[in-house]
Amino acid sequence: MTETRRSKIERIMFVAGTAAAMLLGITAVSGAMHIMEGYLPLGYCIIWGAVCVPFFVTGLFSIKRTVTQHRKTLLLLVMMGAYVFVLSALKLPSVTGSSSHPTGTGLGAVLFGPSAMCVIGVIVLLFQALLLAHGGLTTLGANTFSMAVAGPFLAFGVFLICKKLKLPKTLGVFLAACLGDLFTYCITAVQLAIAHPSQIGGFTASLMEFLGIFAVTQIPLAVIEGLIAVVVIKALESYARPELVELGYLGV
């Protein structure tokens, strides 16, 4: 990597780090979505945590393989972690007093694969729970599954389908980030409905209620996240093209 290109990437990292630091300083304490601390019964917390373990272990091997075989992409991986942290910390009030936010994991799944996003997601969620009171430790497993497992795997699948259909890469990135975000909140709605079924109508009625609540804010946020992902990937194509080629995103 030339000194000029390295300098450009380091400037991108500086901007991402500065944005994260600003968020740490100005974000209000909230017990909002992700699923807040204490909102799920203990049994559900344990089950969702156990479900995430194999994905987390697979993600560790995936990251190790990437770092070993593509050492030059390590800085890009770190930047992706900052990107996920910043986007998923941008909480907007929802109609129930909870919040909605972008996730950032769709773009990471496109570049590094969905398994790696599980590890990054756990780290991000831990920092947000401990430093921002956003989410929680008991609900870490449930939040990890929705944001760092389900969303990234769907995003990765959408991108592969777009690639097979020979659609423009930017369109594939947009759809992956957008639909991955929406799917995250669909899974969150399922998790909440399972744990708190409605007394009238049971699971189905509760699921429809949660989906309706999230749809108001999450649909426009998902579109915005898709557009942000396109802007970021276009910037990376200019400043980190060799790394994108090494990851297989771009052809030689």
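Because the model is predicted, local features are reported at pLDDT of at least 70 and side-chain atom pairs at pLDDT 80 or more, while totals for chains, interfaces and linings use all residues. Residues are numbered from 1 along each chain as its sequence is written, and side-chain values use heavy atoms, with hydrogens and water left out.

The protein chain has nine helices and two strands, where helices (H or I, at least four residues) and strands (E, at least two) are DSSP runs numbered from the N terminus. Read from the N terminus, the elements follow the order α-α-α-β-β-α-α-α-α-α-α. Of the 252 residues in the chain, 50% are buried, a term that stands for under 20% relative accessible area, with exposed meaning over 50% and partly exposed lying in between (1.4 Å probe, protein chains only). The accessible surface amounts to about 11600 Å², with 72% of it belonging to carbon and sulfur atoms; such areas come from the Shrake-Rupley method with a 1.4 Å probe, and for residues only the protein chains shown count as cover. Among contacts (heavy atoms within 4.5 Å) between residues at least 6 apart in sequence, 77% join residues at least 24 apart.

Helix H4, residues 105-112, is largely enclosed by the rest of the structure, because eight of its eight residues are buried. Its buried residues include Thr 105, Leu 107, Val 110 and Phe 112. Just after H4, Gly 113 adopts a positive phi of about 90°. Phe 112 is also among the residues touched by Thr 73, together with Thr 66, Glu 243, Glu 246 and Leu 247, when residues up to four places away in sequence are not counted. Thr 73 itself lies in the loop between H2 and H3, and it is buried, with a relative accessible area of 0%.

A search of the whole structure finds two salt bridges, each defined by a side-chain nitrogen of Lys or Arg within 4 Å of a carboxyl oxygen of Asp or Glu. One joins Lys 72 to Glu 246, with their closest N and O atoms 3.8 Å apart. This pair links distant parts of the chain, since Lys 72 is in the loop between helix H2 (42-69) and helix H3 (74-88), whereas Glu 246 is in helix H9 (residues 241-247), 174 residues apart. Lys 72 is partly exposed at 41% relative accessibility, and Glu 246 is partly exposed at 23%.

The other salt bridge pairs Lys 234 with Glu 237, the closest N and O atoms being 3.4 Å apart. These two residues are three apart in helix H8, and are therefore separated by about one helical turn. Lys 234 counts as partly exposed at 41% relative accessibility, while Glu 237 is buried at 16%. Helix H8 (residues 202-239) has 38 residues and reaches 52 Å from its first C-alpha to its last, close to the 56 Å expected at 1.5 Å a residue, a span taken as 1.5 Å times one less than the number of residues. H8 has a kink of about 50° centred on Ala 215, the bend being the angle between axes fitted to the seven residues ending at a residue and the seven starting there.

On the surface, Ile 123, Leu 126, Phe 127, Leu 130, Leu 131 and Leu 137 form a nonpolar patch with about 570 Å² of accessible area together. Patches are made of residues with over 30% relative accessible area and no salt bridge, nonpolar side chains (Val, Leu, Ile, Met, Phe, Trp, Tyr) being joined within 5 Å and like charges within 9 Å. Phe 127 belongs to helix H5 (residues 114-131) and, at 45% relative accessibility, counts as partly exposed.
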